[in-house]
Amino acid sequence: MATAIPSIACLGVIGRNNNPLHITIFPSYDATTNTRAPLRTPLQFSLLLSSTLDVFETRARRGGSGAQSGPAGGSTTPIVTGDFGLLHAVDERLAAYGFETNTGVKFVAVVDMRGRITLPSGVVNAGVGGAGEKGGMGAGAGAGIRGGIGLRETDLRVVFRAMQTAYVRLLQNPFYDPDEHAPLMPAGGGGGKRITSRKFAEEMRRIGESWAPGVTSL
């Protein structure tokens, strides 16, 4: 019997002025049709990323005043690493996790808790025609899929490390001007641009497609 496992549904990069810089959307497995397709439209994912900004601000305010509140209302360690962990659960499948750099750039990973399936042999099946597939499952295969496994917040740290590394490499490009991507510029300055680097986009896609719970290096 196949088992549903979490996968990346969306990766987003938000600028220090809360302006969208980049978004990559990944397909998720649909057990009813045995196909892979995004769970939300690009606009819906963009709105979902925007909805995390309030959580970032609230968590940062708590961290700056002392400690971050735990699940039961108790205090945990202050936010010092930039890893904000779980930002909020969207529904029974999607959950948003976040990381903020020391320059205020935010990385968001939206995880689908049932985005992929593993076959009894342990092979990760990406769905019909997907990467990692080892033979088709056939029609009605979704009826034999067990519930999804749990996900620890630490499982996403490798994703944020890889995203930050890709962003640092982008900043090292002499043709990339971060000020062009900041909306708070004088009139006519042309600020607020999105990241258009093909290499950066390919790296984001590689990160999202390569990640799975338990992966320690990307």
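Predicted model: local features only at pLDDT ≥ 70, side-chain atom pairs only at ≥ 80, totals over all residues.
Visitor: Okay, so how far apart are the end C-alpha atoms of H4, and what should the helix span?

Guide: H4 covers residues 198–210, so its 13 residues should span 18 Å at 1.5 Å a residue. The end C-alpha atoms are 18 Å apart, which agrees.

Visitor: Which residues of H4 are buried?

Guide: Phe200, Glu203, Met204, Ile207 and Gly208 are. They cover an arc of only 130 degrees around the axis, so they sit on the same side of H4.

Visitor: And what's exposed on the other side?

Guide: Over there you'll find Arg198 and Lys199 exposed.

Visitor: Let's go to the core. How many residues are in the largest nonpolar one, and which have the most contacts inside it?

Guide: That core has 29 residues, and the ones with the most contacts inside it are Ile8, Leu156, Val159, Met163 and Tyr167. Elements giving two or more residues to this core are E1, strand E6 (94–100), E7, H3 and H4. H3 provides the largest share, eight residues.

Visitor: What does Met163 touch, leaving aside neighbours within four places in sequence?

Guide: Met163 is in contact with Leu11, Gly12, Val13, Phe107 and Val108, and also with Met204 and Ile207. Those last two, Met204 and Ile207, are among the buried residues of H4.

Visitor: What other core lies apart from the largest one?

Guide: There's another of 16 residues, with Cys10, Val55, Phe56 and Ala96 among them.

Visitor: Switching to aromatics: how many pairs are there?

Guide: The count comes to four aromatic pairs. Take Phe99 and Phe107: their ring centres are 6.3 Å apart and their planes are at 15 degrees, so the pair is stacked.

Visitor: Are those two buried or exposed?

Guide: Both Phe99 and Phe107 are buried. Ring pairs also link Phe99 and Phe107 with Phe160 and Tyr167 into a cluster.

Visitor: Last one, Leu171. Where does that residue lie?

Guide: Leu171 is in helix H3. Its relative accessible area is 38%, so Leu171 counts as partly exposed.

Visitor: And what does Leu171 touch, not counting residues up to four places away in sequence?

Guide: Tyr176 and Pro178 are what Leu171 touches.

Methods:
Residues numbered from 1 in each chain as written. Heavy atoms only, no water. Helix = DSSP H or I, 4+ residues; strand = E, 2+ residues; numbered from the N terminus. Expected span 1.5 Å × (residues − 1). Buried < 20%, exposed > 50% of the residue type's maximum accessible area, 1.4 Å probe, protein only. Arc of directions from axis to C-beta. Phe/Tyr/Trp six-rings, centres within 6.5 Å; stacked < 30°, edge-to-face > 60°. Core = buried A, V, L, I, M, F, W, Y, C linked by side-chain atoms within 4.5 Å. Contact = heavy atoms within 4.5 Å.
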